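Welcome! Please take a look at the sequence and the model below before reading on.

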Amino acid sequence: MVRLLDEIIQFLQNRNNFLITCHMNADGDAYASVLAIAYLLDKWQKKYRIILPDDQIETKYNFLWGFEKIETFKSAGEEQFDAAVVLDVPSLKRIGDPAKLLPGRDFCVKIDHHPVEDDFAAYSLVSNQASSTSQLVYEVVERSEIALDDALANILFTGILYDTGRFSFSNTSRRDFEIAANLLKYNVKPHEIANRIFFNNSFQSMKTIGYGLAHMQSYLDEKVAVIFLPLDVMKANNHSEIEELANYSVAMRNVEVGLFIREVKPNYFKVSFRSKGRVDVNKIAKVFGGGGHRHAAGSRITGNYRELIERVVREIARQIAELDKLQ
Ligand SMILES: [Mn+2]
């Protein structure tokens with residue numbers, strides 16, 4: 001690990017003109033890890049651009065250093081980059097459009113904590129034991145000669161706080177608490193960051209969360225819970241503010257798998273999978289062309305809603321039956 005960290009630091013110091021990017025639907029860990037790398041490159045006086053695949057930039061991260069440097073692919077225009085740092089994403093497919101801007105494999109660094117998919121970077125700092133990509137970027141920072149300060153500490157704390165679900169998901173480790181304790185030596189206020197990234201919703205979004213819960217369905221003897229938002233409900237909402245519904249889908253006793261399904265276009269569904277622990281939802285999401293982690297994954301599925309539910313529940317039932325056999 002130490003040798004790889006040194007290689008990555010050397011690569012960053014020796015190259016110039018970087019593209020920094022991450023996965024589609026950038027989340028708190030993606031924003032944080034992208035900005036932390038930008039911060040390092042800035043300190044090393046490198047030329048870089050941060051280009052996200054999404055059309056919309058999440059304003060709730062605007063308190064973080066470097067936020068104003070973030071561009072969307074749509075507005076960025078074409079450019080040739082000499083190097084790239086790709087964060088929080090295991091495959092080219094999930095980078096989306098900015099993948100077109102990547103230089104060759106030898107000039108790419110990948111820092112990620114998803115199970116490995118594409119080998120698109122010669123320098124790959126990948127550990128699915130890490131809670132977050134931000135945690136791995138912290139390891140890079142710690143190994144480099146760049147000193148932590150308020151700006152960088154706030155960025156990294158935000159990423160870890162987000163991806164550990166406020167230090168409660170199964171990925172949360174002792175290392176996260178060590179890092180957090182270290183970051184709190186700087187001017188980092190956990191409650192203020194939590195307020196900005198978790199409790200910063202509109203009334204409309206909270207009412208939609210209520211709608212989702214009130215219309216929740218269960219399957220397989222309450223082992224599966226499904227929260228569904230149809231198109232007309234989705235249209236009225238800021239999508240990132242209702243993401244918490246994915247976590248609520250698995251917040252009941254006895255539920256093993258939770259689904260949060262939103263119809264984003266007619267007969268086109270974005271599905272989030274959550275597992276209480278036993279079922280590997282990464283495997284289930286993969287059956288439907290998506291992926292993610294063991295406990296949290298997603299897919300985009302086209303078709304009729306009823307058929308979708310039937311297919312997904314059947315797949316979950318199959319996995320649960322297999323697990324029951326092993327016990
Ligand atoms: Mn992440």
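A residue is called buried when its relative accessible area is under 20%, exposed when it is over 50%, and partly exposed in between (1.4 Å probe, protein chains only). This is a predicted model, in which local features need pLDDT of at least 70 and side-chain atom pairs count only at pLDDT 80 or more, while totals for chains, interfaces and linings use all residues. Residues are numbered from 1 along each chain as its sequence is written, and side-chain values use heavy atoms, with hydrogens and water left out.

**Salt bridges overall**

- A salt bridge here is a side-chain nitrogen of Lys or Arg within 4 Å of a carboxyl oxygen of Asp or Glu.
- Searching the whole structure turns up 20 salt bridges.

**A pair in helix α1**

- Arg3 and Glu7 are joined through their side chains by a salt bridge, with an N to O distance of 3.9 Å.
- Both sit in helix α1 (residues 2-14), and because they are four residues apart there, about one helical turn separates them.
- Helices (H or I, at least four residues) and strands (E, at least two) are DSSP runs, numbered from the N terminus.
- Arg3 is exposed at 65% relative accessible area, whereas Glu7 is partly exposed at 33% relative accessibility.

**A link between distant parts of the chain**

- Arg166 and Glu244 form a salt bridge whose closest N and O atoms are 3.8 Å apart.
- This pair connects distant parts of the chain, 78 residues apart: Arg166 lies in the loop between α5 (150-163) and α6 (174-183), and Glu244 lies in helix α10 (residues 244-248).
- Arg166 counts as partly exposed, at 35% relative accessibility, and Glu244 also counts as partly exposed, at 24%.

- In the salt bridge between Arg175 and Glu178, the closest N and O atoms are 3.1 Å apart.
- These two residues of helix α6 are three residues apart, so about one helical turn lies between them.
- Arg175 is partly exposed at 23% relative accessibility, and Glu178 is partly exposed at 36%.

**The enclosed helix α4**

- Helix α4 (residues 133-143) is largely enclosed by the rest of the structure, because nine of its 11 residues are buried.
- The buried residues of α4 include Leu136, Val137, Tyr138 and Glu139.
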